[in-house]
Amino acid sequence: MKLLMFALAFWLGASLFNSWLAARFSHRRWAQLFVPALFGVTLLVLWEGVVAGFAISPVILPAPSAIVARFAQSTALLWGDFAQTILKGALAGYLLGCGAAIVTAIVIDRSPFLQRGLMPVGNFVAALPIVGIAPILVMWFGFDWQSKAAVVVLMVFFPVLVNMVAGLKATDHLQRDLMKTYSASYRDTLFKLRLPAAMPFLFNGLKIATTLALIGAIVAEFFGSPTRGMGFRISTAVGQLDMPLVWSEIAVAALAGSGFFGAMALLERLVTFWHPSQRAR
Amino acid sequence: MKKFLIGAALAALTAGSASAEEVKLQLKWVTQAQFAGYYVAQEKGFYDEEGLEVTIMPGGPDISPTQVMAGGGADVTVDWMPSALAAREKGLDLVNIAQPFKSSGMMLTCLKETGIKGPEDFKGKTLGVWFGGNEYPFLSWMATLGIPTDGSEGGVTVLKQGFNVDPLLQKQAACISTMTYNEYWQVIDAGLAPEDLVTFKYEDEGVATLEDGLYVMGDKLADPAFKAKMVKFVRASMKGWKYAEANPDEAAGIVLENDESGAQTETHQKRMMGEIAKLTAGSQGALDPADYERTVKILLGGGSDPVISKAPEGAYTLEITDEALK
């Protein structure tokens with residue numbers, strides 16, 4: 001009970017401190033980082049307090065301290081799972097899927113015939129449920145990471161394709177006519193005008209695809225996998241009631257997802273520095 | 001359906017006055033003849049006779065009975081002892097109150113063409129294993145054989161097998177886990193002849209662990225009312241089991257009627273009931289402490305990675321069956 005009281009007091013104090021900081025120093029860089037960090041810490045303290053205060057069974061919800069302890073104890077295991085699922089499955093699938101989507105979008109853009117035919121097919125593939133597709137892909141590509149990469153390809157392909165096709169249409173006639181007056185070839189127009197103009201759209205799709213790739217790779221492991229990988233560990237640790245390990249994997253997935261998204265956002269800023277949305281910052 | 005409606009109407013009529021005690025039973029797996037005893041007891045009115053109103057909740061690949069129990073979603077659950085004891089060590093106080101299954105139906109089914117003749121040939125092969133609490137018997141067997149399962153030299157490669165037999169048919173695995181009453185027949189139905197297969201029954205290998213038993217939360221057993229309810233439940237359930245054993249075809253029909261998913265077929269269920277009857281034969285419902293000790297010994301003898309690290313205490317009680325079966 002004491003811990004619960006402390007947690008509530010901490011929450012109250014931290015909230016008041018945060019609103020005071022936000023009111024006075026909202027334009028300062030350190031405050032912009034400190035306020036959300038303190039909010040996160042407060043949530044963890046509350047969680048710990050509630051679990052201890054109400055004596056919640058670790059089988060239902062483990063305390064953050066138990067999760068941290070389990071995390072520290074099994075870093076080698078978590079790293080192995082991370083390499084298997086994220087580095088091999090998700091990343092390979094992401095690169096293949098996004099690459100294929102970009103190329104397909106350019107091809108679609110060239111041919112009105114494909115515009116009418118291929119987009120609906122892409123739409124159809126995107127609508128396939130992953131739980132139906134994953135077992136089939138496991139059958140085709142085996143149990144290892146290759147089948148997970150295949151699931152990821154299917155998941156990321158469509159959002160990137162749609163965004164890229166829209167991006168290639170982003171230039172208006174005046175701009176393209178101007179290129180023609182320079183007697184620029186299709187290739188020149190593509191590389192110097194249309195692809196750069198498509199970049200903000202493309203990065204939109206790429207950022208959406210980062211989280212989809214992680215979800216796809218993890219969920220696909222539920223349908224057959226070697227004895228490693230984050231999805232494998234989550235599904236088996238639940239069966240063993242090893243909830244701290246499940247939460248450790250969730251923490252790894254959350255960190256990896258944020259990192260992946262952040263890396264794409266950073267890349268976007270480097271590539272589309274000229275775009276008004278980036279210059280405004 | 002009609003029966004259900006009439007039952008519901010009767011239940012509604014009597015709801016005011018009757019004091020039918022409610023019991024929620026969480027099955028380990030989907031509706032199939034593996035749980036025929038409970039469905040038969042329900043359908044034949046054995047539960048009604050005891051004044052019980054039993055809700056049978058089917059499980060499935062994404063339902064862990066131990067977790068349902070931990071969340072307070074059921075009064076009693078069907079689980080395998082290795083999974084229950086492992087959960088017990090994780091702090092979930094599961095207690096065995098009855099053991100309708102005497103023998104284990106688990107086996108490893110291998111393709112003959114892979115050249116596997118005995119357990120010593122497993123080394124270097126890929127084996128399919130179910131996880132989610134069903135991996136313990138396999139892991140302890142490999143440990144008793146001294147075969148590492150972590151992918152190191154001289155060991156076996158373990159695949160997390162889905163709940164189908166594809167890895168064997170696709171030759172992605174040399175052997176897969178099967179139950180005598182279920183997956184083995186899926187392999188046969190898929191076109192493989194029994195001569196193409198080599199099977200290793202856990203029972204024959206001396207590593208059989210207790211399967212379907214009835215488990216409740218230990219703290220609830222302190223309540224005499226709950227205990228009395230469980231006595232009635234076990235008595236009626238065992239009546240259902242013995243009836244199912246004696247009338248396998250009728251039992252399979254009852255299971256089919258209760259299969260809301262509509263996924264089961266008549267031939268499959270009749271065959272399954274026949275195999276299940278072999279496993280329940282020899283058990284009147286009471287847990288044989290010798291079987292329990294054997295299971296614990298196998299689970300403890302897990303070499304470097306035992307399923308449980310110390311002998312559990314109070315993991316079973318004979319009080320319920322002593323009372324129910326006298």
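Guide: B:Asp75 and B:Lys220 form a salt bridge, with the closest N and O atoms 3.1 Å apart. B:Asp75 sits in the loop between helix H4 (65-70) and strand S3 (76-79) of chain B, while B:Lys220 is in the loop between strand S10 (213-217) and helix H9 (224-246) of chain B, 145 residues apart. This is a predicted model, in which local features need pLDDT of at least 70 and side-chain atom pairs pLDDT 80 or more, whereas totals for chains, interfaces and linings use all residues. Residues are numbered from 1 along each chain as its sequence is written, chains are lettered from A and ligands numbered from 1 in the order written, and side-chain values use heavy atoms, without hydrogens and water.

Visitor: What is a salt bridge, in terms of atoms and distance?

Guide: A side-chain nitrogen of Lys or Arg must lie within 4 Å of a carboxyl oxygen of Asp or Glu. The structure holds 21 salt bridges over all chains.

Visitor: Is B:Asp75 buried or exposed?

Guide: Buried means under 20% relative accessible area, exposed over 50%, and partly exposed in between (1.4 Å probe, protein chains only). B:Asp75 counts as buried because its relative accessibility is 15%. B:Lys220, at 29%, is partly exposed.

Visitor: Which residues join B:Lys102 and B:Asp291 in one network?

Guide: The side chains of B:Asp291 and B:Lys102 meet at 2.9 Å, N to O. B:Asp291 lies in helix H12 (residues 289-300) of chain B and B:Lys102 in the loop between strand S4 (94-98) and strand S5 (106-111) of chain B, 189 residues apart. Salt bridges with shared partners join these two to B:Asp288 and B:Arg294.

Visitor: How is the order of strands in a sheet read?

Guide: Helices (H or I, at least four residues) and strands (E, at least two) are DSSP runs, numbered from the N terminus; two strands pair if DSSP finds at least two bridges between them. Here an open sheet of 6 strands, with mixed pairing, has the order S1(A)-S7(B)-S6(B)-S8(B)-S5(B)-S9(B). Strand S1 (225-226) of chain A and strand S9 (197-201) of chain B each have a single partner strand, so one side of each lacks a neighbour in the sheet. Strands S6 (residues 126-129) and S8 (residues 175-179) of chain B pair in the parallel sense over 2 bridges, and B:Gly128 stands opposite B:Ile176 in S8(B).

Visitor: What is the helix content of residues 245-267 of chain A?

Guide: That span is 100% helix and 0% strand, with its end C-alpha atoms 33 Å apart.
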